[in-house]
Amino acid sequence: MKYVVVSGGVISGIGKGVIASSTGLLLKTMGLNVTSIKIDPYMNIDAGTMSPLEHGEVFTLDDGGEVDLDLGNYERYLNVTLTKRHNITTGKVYQQVIERERKGDYLGKTVQVVPHLTNAIQDWIEEVASIPVDGNEETPDVCIVELGGTVGDIESAPFVEALRQFQFRVGRDNFALIHVSLVPVINGERKTKPTQAAIRDLRSLGLTPDIIACRCSQELDQASIEKISMFCHVGPDNVWAVHDVNSTYHVPLLLKDQGLLKFFTNRFKLDQIQLSSDRVTRGKDLWSRWLQLTNSHDRSFETVTIALVGKYTNLQDSYISVVKALEHSALRCYKKLKISWIEATDLEKESSIKNKIKYHQAWSDLCSADGILVPGGFGTRGTEGMISAAKWARENKIPYLGICLGFQVAVIEYARNVLRIENANSIELDETVKEPVVVYMPEISKTHLGGTMRLGRRPFVFQDGTEWSKLRRLYGGIQRGHERHRHRYEVSPDHIERFEKAGCHFVARDDNNERMEVLELKEHPYYVGTQYHPEYLSRVLDPSRPILGLVAAASGELGKILAETTKVVNGTEVVSSEF
């Protein structure tokens, strides 16, 4: 097993995840099997109870793991399916060590950070790195390990020490370190001192970088590269300039041009690994498709504008998977994506009293958008604004997609304005509502928050007589599929018949035919709500079907996409091989 560790210095949020994912992608183009691990130094067991406004999106995996958003990057770039064990947190490791101590596994020894905690970290990495992630039983050849946070932080110290020991445990030929550092540009001059200081701190902790990836808003000049090389004890060929590019999908091209594959081939002796011709062909095909995607992005000139009506828009990382899924779909439709960020509270009538400018600007942005997306979220704040957005989309035939809370919002709006259920609402938003149309799922805990929702990969089944459904056709005419879930509330089963008679069709339900999974309006260009989160399974080269439908409808390409998506094989519709 080969290990590539990606660490960061100077500041957090510097782009380690994209560089780690891009490195893994390039190694996959050689035919190698690649997996990823993300280390998060916080004390939480997982990201499930963390505010999106503080930490960004909570990404949900097939097994129900609520993890850091960077695991979403890995899955999207590498087209792999990771597990909750691929996200290591301080809380998880301490919990494991303490449980072992309570069972007496340490045979009476004094349990310490070194060696017991650091050994537990190393054991965890080695164990998880061997888990197959490509949908087959082949063990990965390379594991990308991203160390979250900034080297030098107190909370990351045990992990840095564990990685220092780990490099000797696996051997130099199996370990490489990429350190990502910021090179700020001040008055047109590239400043290398922060990087020099960051590398000095890293080396004092026992880790010497093999590659320094310099994040810079502009291209790095040769003088700066040579200066960093001289003061940081790294060859100039291994100082890589990762400057701002047209999109993050161009980063793999940038890294390849600077010799990433050549470096790892020499360092890891990759040319000595025996690969089947099938794996080599798959790798070449992957790179060919990636180049085609980036070329189409550069050649796209027509714009499609999607209004994202959310409650955490002050930190756009709160919706990173939705944003990426929109990007994937726009690339598939050969359009430039423009997201109009609308804070849901700004659409509410109370906002017009507090701040008329924000209120009118929000409605202007909503009305001028080609399509509307209302993503997931929790709590009452902003939900009336979301309901207004759903009403606007329904009445004015604007393509609409509601995800999780956005699905429930569409149900509430339909109940109020079509079924005329006075004050219709969700139990989550109003516990005193007399006739709730969205209710608490009976099996969900009301006392504990962490890991207690309906989580992970679960089936949905399209109902008989729904062959007309645009979403079903986007899925290739399937009857049964799987998507990832993260919710506590569901549509009240007491009202389903009334909704259906009025034209709000629940075209897909769970496998027990009890829980509503998808709603769709028949007489509308595209009006869909999904209880599940389709953004979690969107891939760069394989866009999420519900989100692709929204972007295609918003850009006038839905008919073309539907024609390309499905074909008839022995009378049965299947997903096109083009996807």
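Before looking at any sheet I wrote down that two strands count as paired if DSSP finds at least two bridges between them, and that strands (E, at least two residues) and helices (H or I, at least four) are DSSP runs numbered from the N terminus. I also noted that this is a predicted model, in which local features need pLDDT of at least 70 and side-chain atom pairs count only at pLDDT 80 or more, while totals for chains, interfaces and linings use all residues. Residues are numbered from 1 along each chain as its sequence is written, and side-chain values use heavy atoms, with hydrogens and water left out.

**Entry 1, the sheet of nine strands.** I followed an open sheet with mixed pairing, and I read its order as β13-β12-β14-β15-β22-β21-β20-β17-β18. At its edges I found β13 (336-343) and β18 (480-487), each of which pairs on one side only. Neighbouring strands here are turned by 25° against each other on average, direction ignored; the axes behind such angles are lines fitted to C-alpha atoms, for helices over the stretch in contact, and angles run from 0 to 180 degrees between N-to-C directions. I then looked up β17 (residues 454-462), which runs antiparallel to β18 and is joined to it by eight bridges, and I saw that L455 has R486 as its bridge partner in β18.

**Entry 2, the sheet of seven strands.** I traced a second open sheet, with parallel pairing, in the order β5-β2-β6-β1-β7-β10-β11. Because β5 and β11 (239-243) stand at the edges with a single partner strand each, one side of each is left without a neighbour in the sheet. The twist from one strand to the next averages 20°. Between β2 (residues 34-40) and β6 (residues 142-147) I found six bridges in the parallel sense, and the partner of I37 in β6 is V145. Helix α1 (residues 16-28) packs on this sheet, touching β1 (2-8), β2, β6, β7 (175-182), β10 (211-216) and β11 (contact means heavy atoms within 4.5 Å), and its direction makes about 175° with that of β6. Helix α6 (residues 157-170) lies across β1, β2, β5, β6 and β7, and runs at about 145° to β7.

I located H86 in the loop between α3 (70-78) and β5 (87-89). Is H86 buried or exposed? H86 is buried, because its relative accessible area is 0%, where buried means under 20%, exposed over 50% and partly exposed in between, with a 1.4 Å probe and protein chains only. Not counting residues up to four places away in sequence, H86 touches several residues, including I37, L71 and V133.
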